[in-house]
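Here's a quick tour for anyone meeting this structure for the first time. Have a look at it, then read on.

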Amino acid sequence: MRYWLYKSEPSAWSWDEQKKKGDAGEEWTGVRNHQARNFMREMKLGDRGFFYHSNEGKAVVGIVEVVKEIHPDSTADDPKWECVDIKAVTDVPEPVTLDAIKAEPKLKDMVLVNNSRLSVQPVKDEEFAVICEMGGVDPKAVMKG
DNA sequence: GCCAACGTTGGC
DNA sequence: GCCAACGTTGGC
């Protein structure tokens, strides 16, 4: 399985709102960037990822899971824009800030650090585990396989 | 609020 | 098909 990172401005769609959707999850709408869309096409049911608050907070605040694979984005007028559905899995009790990520040498190659504008991006297994630990989440509890 | 980085648009 | 102009994102 693979790991991902989803960015959202809390004023547009926050972690609290995501959690309120429960296990049903919610469409990850609004992606209008081919690279980000293409990453969503690669996602499989059960893939996990981080929920990151951009602009305000600038931190990884939660862990999510893909509950529906790629399908048309219901908010797009052009069918080429697609998205997945994700649900909240668990909080990251100690949000991992962008500053902390930048300060950690093991995370220097993260897309988040090097291409700050990409809103959906892949995360390596090792990076996922490191951030879990920094956030107070046992990687074994949220990583499969 | 500014601006760098990046993507998209449209004139040629 | 190039590239300047413009819009958006997101860190600072």
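What follows covers the annotated domain, the DNA contacts and a few loop residues.

This is a predicted model, where local features need pLDDT of at least 70, side-chain atom pairs count only at pLDDT 80 or more, and totals for chains, interfaces and linings use all residues. Residues are numbered from 1 along each chain as its sequence is written, while chains are lettered from A and ligands numbered from 1 in the order in which they are written.

**The domain**
- An unreviewed UniProt entry puts "domain: EVE" at residues 2-134; such annotations may be inferred rather than shown by experiment.
- That stretch, residues 2-134, is 26% helix and 36% strand (DSSP runs of H or I, at least four residues, and of E, at least two).

**Around the DNA**
- Around DNA strand B sit Asn33, His34, Gln35, Asn115 and Arg117.

**Loop residues**
- Asparagine 55 is in the loop between strand E3 (48-53) and E4, and its phi is positive, near 65 degrees.
- Asparagine 55 counts as exposed because it has 11 C-beta neighbours inside 10 Å (12 or fewer is exposed, 20 or more is buried, in between is partly exposed).
- Lysine 58 is in the loop between E3 and E4 too, with a positive phi of about 45 degrees.
- Lysine 58 has 15 C-beta neighbours inside 10 Å, so it's partly exposed.
- Lysine 80 lies in the loop between strand E4 (59-72) and strand E5 (82-97).

Notes: Near = placed C-beta within 6 Å.
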